[in-house]
Amino acid sequence: MGSDDALFGIHGKALQIRSQRMSMLASNIANAATPGFKARDIDFNKALDAATSQQAGSVDDAVESNVGYRVPVESSLNGNTVELPVEQTQFAENAVQYKTTLQFLQGRVDTVMQALKGDQ
Amino acid sequence: MSTPMSVFDIAGRAMSAQIVRLNTVASNMANAGTVSGSEATAYRALKPVFQQVSDAPGVSTVKVTQVVQSNTQPTKRHDPENPLADKDGNVWDAGVDSAAELVDMIETQRQYQNNVQVMQTAKQLTLDTLRIEK
């Protein structure tokens, strides 16, 4: 862990959490018609705090302890709490944020590559 | 963590479930005009039962556990001319609510599209991640 943290800083863990959040939001969208399904989501800020704090465990643990159930704007008769517009917005937002994190990582890699190659 | 379900598994299986649902809608629409000689043998709409499948907390997809006959009642119609009519001259029209089936079809289509969109986004992000060192 130590050496790749020095290179990627906070962004490596952020990317992992974004990726897990994408899976979770995909689960919500997949279960949009399943009776009784309860939509869930990751609190990204809290998960990232937990993953990067001093006594941090694995990213999986940090994510697992910061998962919550979505509170529906309007409840449906079959107990399903997925609201597609909400999930789609969150999914799109998360995808953009994933790309942003990826850009930060790309910047770090570019910097190191430039340092390795020298002035060529 | 042992290989958790990927976004492709989640969206892919959800798409399969929606296809099963579309098949039942097609069956119901096809049989909407079916006539039967008794109430017991009359066609009743088929409905899939969706259930979530989860192998890790927070990550779950969906499957069709069974396809059941709905309890939409066939409508009795007096039509002595019909060769299928019983001794009282009654026939039973299929218990299919065409309007509800059409609504179901549109809903299925939208949810299938949603899953395709999820898959496309996930594919693009995965490819972007693979290309990071270039």
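Reader: Before we start, what should I know about the numbering and the model?

Author: Residues are numbered from 1 along each chain as its sequence is written, while chains are lettered from A and ligands numbered from 1 in the order in which they are written. The model is predicted, and local features need pLDDT of at least 70, side-chain atom pairs count only at pLDDT 80 or more, and totals for chains, interfaces and linings use all residues.

Reader: Which elements does chain B have, and in what order do they run?

Author: Helices (H or I, at least four residues) and strands (E, at least two) are DSSP runs, numbered from the N terminus. Chain B has two helices and five strands, and from the N terminus on they run α-β-β-β-β-β-α.

Reader: How do I read the overall form of chain B from its radius of gyration?

Author: The radius of gyration is taken over C-alpha atoms, and the globule rule is 2.2 Å times the number of residues to the power 0.38. For 134 residues, a compact globule would come out near 14 Å, but chain B has 22 Å. Along the principal axes, the C-alpha atoms of chain B fill a box of roughly 80 × 25 × 15 Å.

Reader: Now the strands. In what order do they lie in the open sheet?

Author: Strands of a sheet pair through backbone hydrogen bonds, either parallel or antiparallel. Two strands count as paired if DSSP finds at least two bridges between them. In chain B, three strands form an open sheet in the order E1-E5-E4, with antiparallel pairing. Strand E1 (35-36) and strand E4 (75-78) of chain B each have a single partner strand, so one side of each is left without a neighbour in the sheet. Two bridges link E1(B) to strand E5 (residues 90-93) of chain B; B:Ser36 has B:Trp92 as its bridge partner in E5(B).

Reader: What joins strands E2 and E3 of chain B?

Author: Ten bridges join strand E2 (residues 46-56) to strand E3 (residues 59-69) of chain B, and the two run antiparallel. B:Gln52 stands opposite B:Val62 in E3(B). The hairpin of E2(B) and E3(B) has two residues between the strands, and B:Gly58 there takes a positive phi near 85°.

Reader: How do the two helices of chain B cross?

Author: Axes are lines fitted to C-alpha atoms, for helices over the stretch in contact, and angles run from 0 to 180 degrees between N-to-C directions. Helix H1 (residues 7-30) and H2(B) have axes that come within 9 Å and cross at roughly 160°. That makes H1(B) roughly antiparallel to H2(B) (angles under 35 degrees count as roughly parallel, over 145 as roughly antiparallel, 65 to 115 as roughly perpendicular and the rest as oblique).

Reader: And which residues of H2(A) meet H2(B)?

Author: Helix H2 (residues 11-30) of chain A packs against helix H2 (residues 98-130) of chain B at about 165°, with axes 10 Å apart. Residues are in contact if their C-beta atoms, placed from the backbone, lie within 7 Å. A:Met22, A:Ala26, A:Ile29 and A:Ala30 meet B:Asn114, B:Asn115, B:Val118 and B:Ala122.

Reader: How many residues does each chain give to the contact between A and B?

Author: Chain A gives 27 residues and chain B gives 25 residues. On the side of chain A, the largest share, ten residues, comes from H5(A).

Definitions and conventions
Contact = placed C-beta atoms within 7 Å.
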